[in-house]
Amino acid sequence: MDIRLHPSVLSADFVNMEAELQRISAADAVHVDVMDNHFVQALTFGPQMVKRIVEVSPVPLDVHLMVNHADAFAPGYAEIGAQSVTFHVEAAHDVGSTLRSIQSHGAKAGIALKPGTPLDPYMEFFHMADMVLVMTVEPGAGGQPFMSEMMPKLEQLREYLDQNGLSPLVEVDGGITVETLPIAWRHGANTFVAGSSVYGHGEPADNIEALRNSVKSEERN
Ligand code: DX5
Ligand code: ZN
């Protein structure tokens, strides 16, 4: 079973971004958290910075927008070369047309759900989305503990996708470590964002390998 690992540069050293990107060349993509000081309190960076990251990154970009007015802003990140652009359903006026607009600009399109947001109103969009992101922390900051109470929601999503023959990537974001990754994997996730557990200690390349191995050792059991 192949999993995808997307380190989050939210936990990297912003003033050494190019070097920090080189340290995760063994990842499948780099997760780039765009925060606007409105949808979430924190403020990170916008399209100019993301465009530079596209230019220097050894791996494709998984852009996670935590911004209001997602309908207006999301397509721009597809245009500048992100591999995927994921926006929050809570911040979009027209989820379907925003998904289509991202796709028409040549990127994969994803929808994200905050911990308190149920799946049911959004089922129709799982048929169009290339990725569904189930947040396992409240969006806004790195380093928070994994919310295991999101596992029933993840399982419900996995069941719905399997029953309907759908295969968007199922991503989890927040508190992912060698302990929690296998838990989310068992409940149906296949794409894992990790900020602090990649950049927070030691060497990112070793941490990426340890995260990948956490599922392999699970499979052997
Ligand atoms: C939180 C961000 C995450 C963050 C995860 O709002 O969406 O991508 O970087 O950080 P960790 O892995 O430290 O929980
Ligand atoms: Zn994120």
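Modeller: This is a predicted model. Start with T98, which touches A70, D71, A74 and F87, leaving aside residues up to four places away in sequence. T98 sits in helix α4 (residues 95-104).

Biologist: Is T98 buried or exposed?

Modeller: Buried means under 20% relative accessible area. T98 has 3%, so T98 is buried.

Biologist: Which residues have the most contacts inside the largest nonpolar core?

Modeller: They are I111, F126 and F192, in a core of 73 residues. Helix α5 (residues 151-163) supplies the largest share of this core, five residues.

Biologist: How many salt bridges does the structure hold?

Modeller: Six. A salt bridge needs a side-chain nitrogen of Lys or Arg within 4 Å of a carboxyl oxygen of Asp or Glu. R212 and D28 meet at 3.0 Å, N to O. R212 belongs to helix α8 (residues 204-220) and D28 to the loop between α1 (17-22) and β2 (30-35), so this pair ties together parts 184 residues apart in sequence. D28 is partly exposed, at 24% relative accessibility.

Biologist: Where do K51 and E55 lie?

Modeller: Both are in helix α2 (residues 47-56), four residues apart, about one turn of the helix. K51 is partly exposed at 40%, and E55 is partly exposed at 48%.

Methods:
Residues numbered from 1 in each chain as written. Chains lettered and ligands numbered in written order. Predicted model: local features only at pLDDT ≥ 70, side-chain atom pairs only at ≥ 80, totals over all residues. Heavy atoms only, no water. Core = buried A, V, L, I, M, F, W, Y, C linked by side-chain atoms within 4.5 Å. Buried < 20%, exposed > 50% of the residue type's maximum accessible area, 1.4 Å probe, protein only. Helix = DSSP H or I, 4+ residues; strand = E, 2+ residues; numbered from the N terminus. Contact = heavy atoms within 4.5 Å.
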